[in-house]
Amino acid sequence: MKKQDFLKVISNNLIAKNIFKMCLVCGCDLEFIPGQFLNIKIDGFYLRRPMSICDFENGIITIVYKIVGKGTEALSKISKGNKLDVIFPLGNGFDIKKSYDNITIIGGGVGLAPLYFLFKTLKKMNKKVIVYAGFRTLSEIFFEEEFSSIGEFIISTQDGTKGNKGLIIDILDKDCDYYFTCGPALMMESVRKILGQNGQFLLEERMACGFGACMSCVCKTKFGAKRVCKEGPVFFANEF
Amino acid sequence: MNNILNVNLGNWRLDNPVIPASGTFGYEFSQWYDINILGSISLKTTTREPRFGNSTPRVAECVGGMLNSIGLQNPGIEKVISEEIPKFKKNFNKKIIASVGGNSIEDYVFVSKMFDSMEEVEILEINLSCPNVKNGGMSFGLDEKTVYHICEKIKNSCKKKIYIKLSPNVTDIVSIAKSAELSGADGLVLVNTLLGIAIDACSGKPIISNIFAGFSGPAIKPIALRMVYQVFKNVKIPIIGCGGIRNADDVIEFMSAGASAVQIGSANLVNPFSCKNIIDDLPKKMKKYGIQKIEEIIGRSHCI
Ligand SMILES: Cc1cc2nc3c(=O)[nH]c(=O)nc-3n(C[C@H](O)[C@H](O)[C@H](O)COP(=O)(O)OP(=O)(O)OC[C@H]3O[C@@H](n4cnc5c(N)ncnc54)[C@H](O)[C@@H]3O)c2cc1C
Ligand SMILES: Cc1cc2nc3c(=O)[nH]c(=O)nc-3n(C[C@H](O)[C@H](O)[C@H](O)COP(=O)(O)O)c2cc1C
Ligand code: FES
């Protein structure tokens, strides 16, 4: 059930270049599906900012966000102890009910954030999962330890400062039953070209309400117009 | 329901003056609260054929508000009647306001006639003010003659009351409002969004794909309020005030300027409880200001 609540910030720290990790006390027994997001009100801004749930453990929601504009910059300045007005959980989340044995997760940059919660959840289900993460450069890498501690985590950087040099899609192992991906649109399109239709995408679109009322966030699918915030943000590869 | 909040739109008695504005509300809001507390609801503008609307990005943020260029996305009149209204009916037991859009006068008349036969619909709200469509929409609401012509046509083919939703993007709102009244309109909705643009400072490019967009939110309130004030002095038909309303004080201000009821738009998107909060707060604010019945304050700014 969606709700609006004031969540206490217990930490908000820089973890990589322009990338912050924020922890919020959710104080409730909600269950979240990986891929779902929060819509956060930031003082001084009219519209809320959508942010994926990066982790959820012991009643604490973690988000990882990149400073890209004024709103995320203001978010990075919020100190612990403050409360944030949040609407959550929003969106459908990844469909992980089907049993695939050999799963690949591909993330690009901050698009990796929601994939951490997904990875953890799939590992708990005893699935075989490999995570491929593409970054621009060493200083932008985040959550390397977190990912590595629970499973196989392969990194590439465009400039070769860490891991394989080049794009992550260049080193994908094509041998997998199913994939999940989130990141720049071009990367996701290449993933689809390489791995085919057996997978799911987490899409981004500019949003206003985040809960299906305003039609700001539509995308065209084979099965008609869909709202990224409501029918998405996760879509099956074969919907496009 | 507390009758100190009752208002009339013509001979239609509403429990309270709070109505969510077209395009910013759906039956989905019943997941947030019991929507039967609302005065009524104005549905998303419906056109004859289904419309996908404009391509994305369709929204942008600005100081004190937002810009949208949804472009009247809707499933078309047939589906609205066969699917959307029944869904509303399940969650909402009062009469609704149906918003009518179109590319041509014939389309407006066609859609109006379809809604005219629906028992659930009390008022036809004629949207002559959407800035986000190429043909029709706002272009019909910019001059007196066109407004007169289209209102007269609809009025002559429908039994229900028609309210004209006007655009603030005009030099003289009063003459357009008078022309609507003269043509037989039963009321007015003032106002729709202002025409705006958002540009990205880094690239210099417009942010919204359609370039121009409708500007709404708290920042437009003084303009909307001014238009209600000006029009109230010059027409006799009821006015529904709209533009930037986000709290009970705003409602009291619009009604003081001359609105008989109000519509809340963008505020629903930012805080889904906006309408509920306003309805809960109104009696407290009235007590504070010594207002016995909300209806008594309609137009009081003009007597002072
Ligand atoms: C479902 C979803 C999940 C997301 N999860 C994350 C996440 O986990 N980590 C992260 O760093 N970012 C995430 N984003 C992107 C994030 O919402 C934007 O980067 C952020 O809103 C930018 O705000 P700003 O004020 O700094 O930027 P500005 O460009 O100044 O923002 C102006 C407006 O554009 C909107 N906007 C700008 N960029 C985006 C974008 N890429 N997607 C959606 N709206 C945008 C803003 O919300 C705001 O309304 C997510 C977006 C969506 C839709
Ligand atoms: C996302 C969005 C969609 C809208 N769609 C419609 C519409 O379909 N028909 C219409 O008459 N007005 C539409 N409007 C305008 C509102 O109904 C309202 O007139 C306007 O936003 C001003 O009020 P506000 O400042 O309270 O939002 C829309 C506004 C927004 C923000
Ligand atoms: S953001 Fe409002 S419908 Fe998706």
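My notes on the cavity, the ligand and a pocket follow.

**Ground rules.** This is a predicted model, where local features need pLDDT of at least 70, side-chain atom pairs count only at pLDDT 80 or more, and totals for chains, interfaces and linings use all residues. Residues are numbered from 1 along each chain as its sequence is written, chains are lettered from A and ligands numbered from 1 in the order in which they are written, and side-chain values use heavy atoms, with hydrogens and water left out.

**Cavity.** I got 1 cavity of 30 Å³ or more. I then looked up the lining (residues with an atom within 4 Å of a point). It has 33 residues, and Ser22(B), Thr24(B), Asn68(B), Asn192(B) and Thr193(B) lie nearest the centre of the cavity. By class I have 13 nonpolar, 18 polar and 2 charged. For these classes, Ala, Val, Leu, Ile, Met, Phe, Trp, Tyr, Cys and Pro are nonpolar, Asp, Glu, Lys and Arg are charged, and the others, Gly among them, are polar.

**Ligand 2.** What sits in the largest cavity? Ligand 2 does, going by the rule that more than half of its atoms lie within 2 Å of the grid points. I also noted that ligand 2 lies between chains A and B. Around it I have 24 residues, with Ser22(B), Thr45(B), Lys165(B), Gly244(B) and Ser266(B) coming nearest; to be near, a residue needs a heavy atom within 4 Å.

Next I checked polar contacts to ligand 2 (pairs of N or O atoms within 3.5 Å). A polar backbone atom of Gly244(B) is 2.6 Å from a ligand oxygen. Lys165(B) brings a polar side-chain atom to 2.8 Å from an oxygen of ligand 2. For Gly217(B), I found a backbone N or O atom 2.9 Å from a ligand oxygen. Taken alone, ligand 2 exposes 600 Å², and the protein buries 98% of that (Shrake-Rupley method, 1.4 Å probe).

**Pocket.** Last, I looked at the second largest pocket, a pocket being an open set with protein on both sides within 12 Å along at least five of seven lines. I put its volume at about 730 Å³. Its lining has 29 residues, with Met215(A), Arg227(A), Asn74(B), Pro75(B) and Glu84(B) closest to the centre. By class these split into 12 nonpolar, 7 polar and 10 charged.

Methods. 1 Å grid on protein atoms, 1.4 Å probe; cavity = no way out; pocket = protein on both sides within 12 Å on 5 of 7 lines; lining within 4 Å. Points joined across faces, edges and corners; volume = space filled by probe spheres on them. Polar contact = N/O pair within 3.5 Å; in protein donor to acceptor, adjacent residues only side chain to side chain.
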